[in-house]
Amino acid sequence: MSEQIEVVRFPMQIGGKAHNPCGGEWIGSLNPATEEVWAMIPRAGAEDAEMAAAAAHEALRGAWAKLTPTQRGALMFRLADLLERDAELLAQLDARDNGKPISELRKQYAYLPQHWRYFGGLVDKLEAQVIPVDRNGVFNFTRHEPVGVVLAITPWNSPLVIASWKIAPALAAGCTTIVKPSEHASISTLHFAKLVAEAGFPAGVVNVVTGYGHEVGEALVAHAKVAKVSFTGGEAGGRAVSTLAAKHLKPTVMELGGKSPVIVFDDADLDRAVSTVAAGIFSSSGQSCVAGSRLLLQAGIYDEFLRRLIDRARAIVVGDPLSAETAMGPITTRAQFETIQSHLFDAHEQGAICAFKGDRSSSFPTGGLFLPPHIFTGVTPLMRVWREEVFGPVLAVMRFETEAEAVAIANDSPFGLAAGLWTRDLDRALRLHKELEAGTVWINSYRGVSSMTPLGGFKRSGFGRENGQEAVREFLQTKSVWMEYQ
Ligand code: NAD
């Protein structure tokens with residue numbers, strides 16, 4: 001660590017107030033472009049978890065419940081305005097904290113206020129039913145009530161966007177929340193908590209607690225006042241959280257990893273497909289849950305597509321995340337950097353051919369966790385690079401002949417987060433989107449996400465949905481009310 005760096009401490013936000021860790025310990029947050037500590041976050045423990053759960057629980061039945069749905073929606077609109085005001089600051093914070101390129105972050109943060117407005121607009125539209133039950137003299141109706149305190153556990157790749165996918169629908173449902181961001185990228189979520197207070201939300205509605213998953217994360221998952229856990233992250237963390245939650249009979253939403261296939265048929269619009277396939281795997285340096293990491297090319301276009309894709313990948317500028325020209329920044333953590341290296345090593349060992357390996361921008365200083373784009377051909381179905389999520393800028397390519405073969409190869413995976421399909425044949429598109437085992441299918445596009453449509457996994461990519469009206473339903477429970485009259 002350089003001694004010249006001025007390291008800022010970012011406190012947590014619990015019960016509407018800035019809160020330093022009860023144990024007095026802090027964690028250094030590394031800038032992956034330099035591997036130097038640039039900020040400090042609290043290392044929270046069980047005592048901090050207790051305070052956050054108490055604050056969220058008090059607000060649930062207290063100040064938050066006393067507001068009308070329309071008033072709660074108005075607070076969410078005010079928060080959206082503040083997110084708009086601070087969009088550039090948030091982008092700058094994430095670029096230093098997780099190394100995502102500023103150009104990509106600016107787009108994410110330009111959209112985030114709209115996400116909050118969408119869910120703010122839903123708050124007072126959650127209508128229930130009157131049910132004509134099969135008895136005389138009975139009036140029966142349902143109510144949608146909040147499940148309670150929601151714990152949101154988020155990863156490092158898009159910290160505040162993913163936190164918002166959880167908190168906004170939870171608040172729309174009338175829940176209160178505790179967010180436990182990744183220990184590798186907590187800063188934007190800590191700044192967000194200050195905006196929540198500035199917007200005028202009652203104390204305790206949104207609490208942000210930082211630290212390690214196996215410490216404060218587990219204390220929160222097990223806490224009796226936490227009613228539901230919404231987790232996004234890797235399979236090991238997801239398994240640990242869902243096992244612990246099950247022990248306490250607590251429901252979860254799990255958004256896990258993927259190994260998403262992109263199928264390109266001979267009749268595809270190659271210009272669009274090439275640039276979209278490249279962005280689908282190399283954006284965020286491949287650290288995207290929906291990264292299109294398995295490319296299936298039909299035999300007729302295989303050579304041409306690969307040639308064009310390599311040209312495209314060669315043009316990618318890898319470098320300083322704060323430069324507007326950068327398309328690929330560093331890998332966020334050293335552990336992930338080393339995991340990717342082990343995937344590259346195994347790909348070579350198992351006989352895959354490295355058809356392309358990119359280079360980083362020469363203008364960027366040495367050091368940092370940079371990795372260029374890689375494209376592997378000669379891949380077979382049992383190779384690790386084809387089966388496992390790399391979560392890095394590594395694309396594995398396979399050739400296929402027929403439609404049925406493509407679908408079989410695409411579905412032969414434990415994951416089912418997303419899939420892409422490139423064809424000009426409408427019949428084929430309508431036939432195949434049903435065949436693909438994935439929570440999202442993009443036809444002649446890739447990586448489009450909207451607040452308004454559900455996102456989530458099939459198979460081992462998870463369960464439950466974020467975004468769209470389904471996301472609000474995750475945080476509601478239905479009460480059936482019976483009244484008898486004479
Ligand atoms: P991770 O699982 O290491 O960590 C995610 C979060 O879980 C962190 O906040 C971490 O502290 C916490 N955590 C870990 N173990 C825990 C435990 N035992 N108890 C409580 N909390 C615990 O994931 P990551 O490395 O930060 O993110 C990368 C992974 O996330 C990839 O696999 C990626 O595919 C996945 N991801 C999925 C989606 C999606 O929507 N499906 C989106 C983004 C990322």
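Reply: In this predicted model, the chain is divided into domain 1, which covers 8-256 + 461-481, and domain 2, which covers 261-450. The C-alpha centres of the two domains lie 31 Å apart, and the contact between them takes 26 residues from domain 1 and 32 residues from domain 2. Together domain 1 and domain 2 bury about 2200 Å² between them, with 56% of that area on carbon and sulfur atoms. On the side of domain 1, A33, W156 and S461 supply 25% of the area buried against domain 2, which is more than any other three residues provide.

The ligand shell draws on both parts of the chain, with at least three residues coming from each of domain 1 and domain 2. There are 27 residues around the ligand, and those that come nearest are T154, K180, E183, L256 and E389. In terms of secondary structure, α8 (213-222), β11 (226-232) and α9 (235-247) each supply at least two residues of the shell.

A nitrogen atom of the ligand, in turn, has a polar side-chain atom of E218 at 2.9 Å. As for the cover around the ligand, its exposed area when taken alone is 840 Å², and the protein buries 89% of that.

Terms used:
Residues are numbered from 1 along each chain as its sequence is written. This is a predicted model: local features need pLDDT of at least 70, side-chain atom pairs count only at pLDDT 80 or more; totals for chains, interfaces and linings use all residues. Side-chain values use heavy atoms; hydrogens and water are left out. A residue is near a molecule or strand if one of its heavy atoms lies within 4 Å of it. A polar contact is a pair of N or O atoms within 3.5 Å; within protein, one must be able to donate a hydrogen and the other to accept it, and residues adjacent in sequence count only if both atoms are side-chain atoms. Accessible areas come from the Shrake-Rupley method with a 1.4 Å probe; for residues, only the protein chains shown count as cover. Helices (H or I, at least four residues) and strands (E, at least two) are DSSP runs, numbered from the N terminus. Domain bounds come from an automatic or database domain assignment. Contact means heavy atoms within 4.5 Å. Buried area is the accessible area (1.4 Å probe) that two parts lose on being put together, summed over both.
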